[in-house]
Amino acid sequence: MAVDSLVTGAPESLEQDILSAAGAGPDHRHADIEFRHLRYFVVVAEELHFGRAAAHLFISQPGLSQAIARLERELDVQLFNRTRGSVELTEAGAELLHHGRRLLADLRDTVASVRTVGRGEAGLVRVGVALLAEPAVAPALKAFQAEHAEIVLDRSAMVSERLLDQLQEGHLHAAVIHQVPALAALGNLEWQPLRRGRLAALASPGSTLALRDAVTLGDLSDERFLVNPRSLSPAAFEGLKLMCREFGGFDVMVLESPVASTAALDTDWRPIREGTAIALMPEVTARTVCPADVAVVPIQPPPQYVLALAWCNGQQAAAVHRFLSYVRSYRDQNAWI
């Protein structure tokens, strides 16, 4: 389709910008209308003068007359009443002018929209964010949305392992996950570390832990850790056991929560408030989501929390490429790693 000429009014030579219209009744026949001829008609209808219209369109007057004649043949109507001194629209011509302007405007909008999507400046990006990881990555997501208002971020939150399943099944374009051991074994996904930082222990305000400015992981060896249901995130559970054994030198005791950890559910905080368990989460998240009656005690590294940005191999959508590039750049500019 000779799109540029339709939008800018510049000369063109392509002949295949076809708008096909099939009639519904026995007195109608299929009509193949070229968009450029429709645009020629609109200019003539507005100028009501073939010479001025031809000059405006950068074509010869005979060529313009031939194009209008072809359009009239395709539509099987007369669009203009022509005399030696004047050009006037017929009733059919006035009807075509009304609809033709709208068709050309729709075409311009469509071309602009397609080009915007093709450049990755608009579109839909489905992003998953691991539970309780949102505060750590929210600045990057907010900054991206502010700079790319035409790209819709469809965000969902769930445990990291379920996000990985969603990625592999093609339901998500990208995901921010806790770097669980299972990630390294998935060959059909690409990933990079996105943010590292200090962990924190969440404890009852009346506990001895709450009096500490900071602790080591080994200091927590006698505590019971509140964790997500093991059936929901087995790899995260194994990762916690490995972390405590490697960096703290102890075998962790756990209390499985009946639900996945979210900031909004009171059941997440009750065992901590009552002092029957502690929990671990990134300090930046804890400072954001924890209620006032839960103590946040930083853990001296090592270990650190690690969030990873994961996406499918061979991702083609331009908006997704733009999102991934932006988030990685934001990570580097803000020294998240």
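This is a predicted model: local features need pLDDT of at least 70, side-chain atom pairs count only at pLDDT 80 or more; totals for chains, interfaces and linings use all residues.

Visitor: Which residue stands opposite Glu-190 in S13?

Guide: Strand S8, residues 189-203, pairs with S13 in the antiparallel sense over 9 bridges. Within S13, the residue that stands opposite Glu-190 is Trp-311.

Visitor: How many of the 9 residues of S13 are buried?

Guide: Across the protein, which has 337 residues, 43% count as buried. Strand S13, residues 304-312, is mostly covered, and the number of its residues that are buried is 7.

Visitor: What is omega for the peptide bond from Pro-302 to Pro-303?

Guide: Most residues other than glycine have a negative phi, and most peptide bonds are trans. The bond that joins Pro-301 and Pro-302 is cis, with omega about -5°, and Pro-302 has its place in the loop between strand S12 (295-298) and S13. Pro-303 lies in the loop between S12 and S13, and the peptide bond from Pro-302 to Pro-303 is cis, with omega near 5°.

Visitor: Is Phe-58 buried or exposed?

Guide: Phe-58 has its place in the loop between H3 and H4, and its phi is near 60°, a positive value in a residue other than glycine. A residue counts as exposed if its relative accessible area is over 50%. The relative accessible area of Phe-58 is 57%, so Phe-58 is exposed.

Visitor: What is the relative accessible area of Asp-76?

Guide: Asp-76 is found in the loop between H4 and strand S3 (80-82). Although Asp-76 is not a glycine, its phi is positive, at about 60°. Asp-76 is exposed, and its relative accessible area is 63%.

Visitor: Are H3 and H4 roughly parallel or roughly perpendicular to each other?

Guide: Two packed helices are described by the angle between their axes and the distance between the axes. For helix H3 (residues 50-57) and helix H4 (residues 61-75), the axes come within 9 Å and cross at roughly 100°. Angles of 65 to 115 degrees count as roughly perpendicular, and H3 and H4 are therefore roughly perpendicular.

Visitor: Which residues in H4 do Phe-50, Gly-51, Ala-53, Ala-54 and Leu-57 in H3 meet?

Guide: By class, the contact of H3 with H4 has 6 nonpolar, 3 polar and no charged residues. On the H3 side the residues are Phe-50, Gly-51, Ala-53, Ala-54 and Leu-57, and in H4 they meet Gln-61, Leu-64, Ser-65 and Ile-68.

Visitor: At what angle do helix H2 and H3 pack?

Guide: Helix H2, residues 35-47, passes H3 in a right-handed crossing. The axes of H2 and H3 are 8 Å apart, and the two helices pack at an angle of about 130°. That angle makes H2, relative to H3, oblique.

Visitor: How many charged residues are in the contact of H2 with H3?

Guide: Arg-39, Tyr-40, Val-43, Val-44 and Glu-47 in H2 meet Phe-50, Arg-52, Ala-53, His-56 and Leu-57 in H3. These residues divide into 6 nonpolar and 1 polar, and the number that are charged is 3.

Visitor: Are H6 and H11 roughly perpendicular or oblique to each other?

Guide: The axes of helix H6 (residues 134-147) and helix H11 (residues 318-333) come within 10 Å, and their crossing is right-handed. The axes cross at roughly 130°, and H6 and H11 are therefore oblique.

Visitor: How many nonpolar residues are in the contact of H6 with H11?

Guide: Pro-139, Ala-140, Leu-141, Ala-143, Phe-144 and Glu-147 in H6 meet Arg-322, Phe-323, Tyr-326 and Tyr-330 in H11. By class, this contact has no polar and 2 charged residues, and the number of nonpolar residues is 8.

Technical notes:
Residues are numbered from 1 along each chain as its sequence is written. Side-chain values use heavy atoms; hydrogens and water are left out. Axes are lines fitted to C-alpha atoms, for helices over the stretch in contact, and angles run from 0 to 180 degrees between N-to-C directions. Helices (H or I, at least four residues) and strands (E, at least two) are DSSP runs, numbered from the N terminus. Angles under 35 degrees count as roughly parallel, over 145 as roughly antiparallel, 65 to 115 as roughly perpendicular and the rest as oblique. Contact means heavy atoms within 4.5 Å. Ala, Val, Leu, Ile, Met, Phe, Trp, Tyr, Cys and Pro count as nonpolar, Asp, Glu, Lys and Arg as charged, and the others, Gly among them, as polar. A crossing is left-handed if the near helix is turned anticlockwise from the far one by less than a right angle, and right-handed if clockwise. Buried means under 20% relative accessible area, exposed over 50%, partly exposed in between (1.4 Å probe, protein chains only). Two strands pair if DSSP finds at least two bridges between them.
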